[in-house]
Amino acid sequence: MSVTTTTASATASASAPVLAGRRGSYWITTFGCQMNKADSERMAGILESMGYQPGSDEHSADLVLYNTCTIRDNAEQKVYSYLGRQAQRKRTNPHLTLVVAGCVAQQEGESLLRRVPELDLVMGPQHANRLGTLLEQVASGQQVVATGEHHILEDITTARRDSQVCAWVNVIYGCNERCTYCVVPSVRGAEQSRRPEAIRLEMEGLAERGFKEVTLLGQNIDAYGRDLPGITPEGRRQHTLTDLLQHVHDVEGIERIRFATSHPRYFTERLIEACAELPKLCEHFHIPFQSGDDDVLKAMARGYTVERYRRILERIRSRMPDAAISADVIVGFPGETDAQYRRTLALIEEIGFDQVNTAAYSPRPHTPAADWPDQLSEAVKVERLQEINALVERTARLRSERYRGRIEQVLVEGSNPRDPSQFMGRTRTNRLTFFPAKDQASHNGEPQGGAIQPGDLVNVRIDEVRAFSLSGVAVG
Ligand code: SAM
Ligand code: SF4
């Protein structure tokens, strides 16, 4: 088999509407962030437009695609163990098509073929929309590596969404920041914002298909628009996240809008005002702080101080007192002293987060911090991670208490996978909420919830609270 390395240029065609017809079954396993999940949905859509059917498991599918994550070493290693099993399968089943997409593919490129020669296609995240074209090259007998810098083309029609109610919509790809621990800029490339008209069009299409909630996605969503041309008469950028939210807010049928991930360096007052004023904007903000110590933040090259972070949250809470705040944090960054780590714990306690994603620092290839001499031992990192996780759970539980006895508007996403007799949905503040499908509390003497469907907005009285979820009954 020959190896083709594609470095597709800005003029390359988007995923081809190739040879629709029955092709066999496919299976996609997705690792990592919402961006990867959104990319997987687009790739699934492309496969189905080619004639592939969803398979029932990865051990019998005719095409297996791993959409990978390299943000931490353990995510990367997991992929290699999955690939080992598929490589074995391929030796006895040469018709199996084996694809590695996403960030490990981008990071490793051709060297992945040396490690797993059974692979047919290695493709970076910028090439997700080109899956059809790349598989055509594979069908002509080539092993293909697609990791070149690529201008992402509009391809908004083919995503196969996992949910029927909530959809992700990418608004900016890539990241121009240089956080010293992070591999994202090197695997996802430079920022590329989509045009506001294309984003609105995609949202209108989603509304027509019955979707009710849209989460706008970007690794650093506050950077939205800075690569698009245009200056307003007042001298500011014409395209910002705030302008985008105003542009898409009135799409009829979409009831709720969220966005993630926010960066404290670029989060503006203007954005906070817009969120407070636009009724569909949900009161939930995901704003990673990464550390509660200014010197660590500086070493991470984050570009803000703890005080600035505090001021953003104060401003949000003064305009939206019930807003939920979630964040990401890293413990065990090179050189992090016990005192610095304790400042992170203190910040979590002070702010009272609704949720914090915690991670032990993991040295990543081609990132500055990976080469610094003052790496902490695994034992220290694990100890800090365990302690911080316990604190996060405690503060989340305290935050959940405010819901007890309240009536919350819940957008129903479907039934609880663990208990089909219950509906599952989310509050505007993004708290997962369960309520029984039958025996709802009566409202004005009438039992409620008889004909509840996914996509309905239901008022739920919260009776039970846990750290990260709530339970109650529908009251109308
Ligand atoms: N763009 C977002 C931001 O500015 O915070 C984060 C995107 S990153 C995909 C998601 C999270 O992974 C980060 O917030 C960080 O907490 C974590 N992360 C990134 N690199 C890491 C590393 N080398 N070790 C541990 N955690 C890491
Ligand atoms: Fe990584 Fe920093 Fe970009 Fe977030 S902002 S994706 S942490 S480089």
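A polar side-chain atom of Gln-290 is placed 2.7 Å from an oxygen atom of ligand 1, a polar contact being a pair of N or O atoms within 3.5 Å. The model is predicted, so local features need pLDDT of at least 70 and side-chain atom pairs pLDDT 80 or more, whereas totals for chains, interfaces and linings use all residues. Residues are numbered from 1 along each chain as written, chains are lettered from A and ligands numbered from 1 in written order, and side-chain values use heavy atoms, without hydrogens or water.

An N or O atom in the side chain of Asp-328 lies 2.6 Å from an oxygen atom of ligand 1, and a polar backbone atom of Tyr-181 is 3.0 Å from a nitrogen atom of the ligand. Of the 560 Å² that ligand 1 exposes when taken alone, the protein buries 90% (Shrake-Rupley method, 1.4 Å probe).

Tyr-181 also belongs to an aromatic cluster with Phe-333, Tyr-361 and Trp-372. The whole structure contains 12 aromatic pairs, with ring centres within 6.5 Å and planes under 30 degrees apart for stacked, over 60 for edge-to-face and otherwise tilted. Phe-259 and Phe-285 form an edge-to-face pair, because their planes meet at 70° with the centres 6.1 Å apart. Phe-259 lies in strand β12 and Phe-285 in strand β13, 26 residues apart. Phe-259 is buried at 5% relative accessible area, as is Phe-285 at 1%, buried meaning under 20%.

The rings of Phe-289 and Phe-353 are stacked, because their planes lie at 15° and their centres 5.2 Å apart. Phe-289 is in the loop between β13 and α10, and Phe-353 in the loop between α12 and β15, so the pair ties together parts 64 residues apart in sequence.

Definitions and conventions:
A polar contact is a pair of N or O atoms within 3.5 Å; within protein, one must be able to donate a hydrogen and the other to accept it, and residues adjacent in sequence count only if both atoms are side-chain atoms. Rings of Phe, Tyr and Trp (its six-membered ring) pair if their centres lie within 6.5 Å; planes under 30 degrees apart count as stacked, over 60 as edge-to-face and the rest as tilted. Helices (H or I, at least four residues) and strands (E, at least two) are DSSP runs, numbered from the N terminus. Buried means under 20% relative accessible area, exposed over 50%, partly exposed in between (1.4 Å probe, protein chains only).
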